[in-house]
Amino acid sequence: MKEVMLDCYGEACPVPLVKSQNKIKELEVGDVLIVQIDHSCAMKNVPEWARKEGYNVEVEEVDDGEWEVIIEKTK
Amino acid sequence: MAEQTSTASSRRSSANRKPKKNQIPLGFLTVAFIIIVALLLNIKSSNMAFFWLTGTAFGFILQKGRFCFTASMRDPYLTGGTSITRAVIIAFAITTLGFTAIKYGYAQAGLPIPGMSYVVPISIATLVGAFLFGIGMVIAGGCASGTLMRVGEGFIMNMIAFVFFIIGSLWGAHDFGWWKEWFISKGPSIFLPDVFGWMGAVIIQLMVLLILYVVAEQYEKKRGGAH
Amino acid sequence: MEQKKEKFFDRMKSNEYYIRWGKNPFTYVTAAVLLSLFQIITLATTKSPWGVSGAFATWGAWIFEAFGGSVDKWYYFASPGAQATLEGGILNHPDSWRNFGVIFGALAATLLASGFKIKKIKSKKQIFAAAIGGLLMGYGARLSFGCNIGALYGGIASLSLSGWVFAIGMFAGAVVGSKLLVKYFMT
């Protein structure tokens, strides 16, 4: 059970999604990946991908135009 | 979804964060600015005001929908997602119906059909141009409309892309004569109703869009399983 | 007064309709339907579909002329229509106003959702990516009579075969662009 931060501030689409996809492969079941983004499109496509994969997902707006997508690798 | 993920947010402490500023008043100011500009333009030309207002509508919708033509072409290959691709296909289908209705109306009335300047010659220049455009938009993180929209959202990167887009356009315009002489002038302009008739063209186009939609969805399902 | 105003806008943040229409993004399909609606309105009123990148070449010409250059001999700007546009200036150019509109419409949407932030450059790679990508898009759009909006969306919806040819070329470009992005431009 570890928590991994992935800093994607300032990254444009599709980089946050590609990085998240790569990172989650390294994690084990039960680990949590927190993707920090400020790209408004990534705030939609990262959660969409993670939900489709069947992970638990939550999006938190941490500041104006900044979000954290919290993904729990469930399988 | 909410009950499954309640643990996730409780982990995070947001104590050390500065309080969020409320930007809504600024949003209303921007809307007021848009309206004032429209009124000023309207004094000079209502056409100009119309272009301005439809532009703001397009920008607003693109931003609210996170609608990205770049993603519709890029994501199927890069990330395996096709939800934007399918939305673009829906937009194409609806707009095809609306456009054809307008065009057909003009044709029936014996008037010149509007929008025919968008039926352009097909040549190797079309493919080369589209190919270069495709590479550029993925690297720069947005096509023409996407770049404008992201300039409005405050992306410095897209502002740089915007400047170089203009330079590239000027360069392309400079070379346009050469391309025109060697390729474009030899290419045919094909308006589908001329080939298949009005009804035939619409039906064929909608069928193709429908097939693409189904293929996109099936492709996503297949690729999703591979992870 | 100030205080009251603040409170009003803070209360608004929790309003159900604000959250639905002001804060949360539209679904892709909602946006698709709305874009179609405005495309159809645009064709019906202006007799031409929505175009974006054509105006960029004109802006380039204005800037070039501001630095003392001349585009009068260029085939692209040789037509009387193009010359009239160049002489009319940016304030009399409807397509330019529509492009400004896209920027301000997006800005309004972002601010109303209280989500505006200046996104700074993270690495030098991004500058190269933006510059190279911008140049390729600009050049490519001129060869194929437009961008995703004019040549692709406008072309296909206008029942022009050129739109479909553009789509094929662009898809191939997007695949190559994705490979380049992952290999060279991802930090």
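This is a predicted model: local features need pLDDT of at least 70, side-chain atom pairs count only at pLDDT 80 or more; totals for chains, interfaces and linings use all residues.

What follows goes through the confidence scores, then the chains, then the places where they touch.

For the complex, the predictor reports an ipTM of 0.94 and a pTM of 0.92. Chain C has a mean pLDDT of 93, with 97% of its residues at 70 or more.

## Chain A: the sheet

Let's start with the strands. Chain A holds an open sheet of 4 strands with mixed pairing, in the order β1-β2-β4-β3. The edge positions go to β1 (3-8) and β3 (56-63) of chain A; each has a single partner strand, so one side of each has no neighbour in the sheet. Going from one strand to the next, the twist averages 20°.

Now look at how β1(A) meets its partner. Strand β2 of chain A, residues 32-37, runs parallel to β1(A), and 6 bridges join the two. Along this pairing, A:Met5 sits opposite A:Ile34 of β2(A), and A:Cys8 sits opposite A:Ile37 of β2(A).

Two helices to pick out here are α1(A) and α2(A). Helix α1 of chain A, residues 15-26, lies across β1, β2 and β4 (66-72) of chain A. The direction of α1(A) is at about 155° to β1(A).

Helix α2 of chain A covers residues 42-53 and lies across β1, β2, β3 and β4 of chain A. Its angle to β3(A) is about 160°.

Over to chain B, where you'll find 9 helices and 0 strands. Read from the N terminus, its elements go α-α-α-α-α-α-α-α-α. The radius of gyration of chain B is 22 Å, well over the 17 Å the globule rule gives for 227 residues, so chain B is more spread out than a compact globule. Its C-alpha trace spans about 65 × 55 × 40 Å along the principal axes.

Of the 227 residues in chain B, 50% count as buried. Taking contacts in chain B with a separation of 6 or more, 54% come from residues 24 or more positions apart.

Is B:Val37 buried or partly exposed? It counts as partly exposed, because it has 19 C-beta neighbours inside 10 Å, while a buried residue needs 20 or more. B:Val37 and B:Leu209 are 172 residues apart along the chain, and their C-alpha atoms are separated by 39 Å.

## Chain C: helices again

Chain C has 9 helices and 0 strands. From the N terminus, the run of elements in chain C is α-α-α-α-α-α-α-α-α. With a radius of gyration of 21 Å, well over the 16 Å from the globule rule for 187 residues, chain C is more spread out than a compact globule. The C-alpha trace of chain C spans about 60 × 45 × 40 Å along its principal axes.

Buried residues account for 52% of the 187 residues in chain C. Among its contacts between residues at least 6 apart in sequence, 53% join residues at least 24 apart.

## Where the chains meet

How many residues do chains C and B bring to their contact? Chain C brings 112 residues and chain B brings 109 residues. On the chain C side, the elements giving two or more residues are α1 (2-12), α3 (28-46), α4 (54-66), α6 (94-112), α7 (124-143), α8 (148-157) and α9 (161-185). The largest share, 18 residues, comes from α6(C). By class, this side of chain C has 73 nonpolar, 30 polar and 9 charged residues.

Chain C touches chain A too. That contact takes 10 residues from chain A and 11 residues from chain C. The chain A side has 2 nonpolar, 3 polar and 5 charged residues.

Conventions. Residues are numbered from 1 along each chain as its sequence is written. Chains are lettered from A and ligands numbered from 1 in the order in which they are written. Two residues are in contact if their C-beta atoms, placed from the backbone, lie within 7 Å. Ala, Val, Leu, Ile, Met, Phe, Trp, Tyr, Cys and Pro count as nonpolar, Asp, Glu, Lys and Arg as charged, and the others, Gly among them, as polar. Two strands pair if DSSP finds at least two bridges between them. Axes are lines fitted to C-alpha atoms, for helices over the stretch in contact, and angles run from 0 to 180 degrees between N-to-C directions. The radius of gyration is taken over C-alpha atoms; the globule rule is 2.2 Å times the number of residues to the power 0.38. A residue is buried if 20 or more other C-beta atoms lie within 10 Å of its own, exposed if 12 or fewer, and partly exposed in between; C-beta atoms are placed from the backbone. pLDDT is the predictor's confidence in each residue, from 0 to 100.
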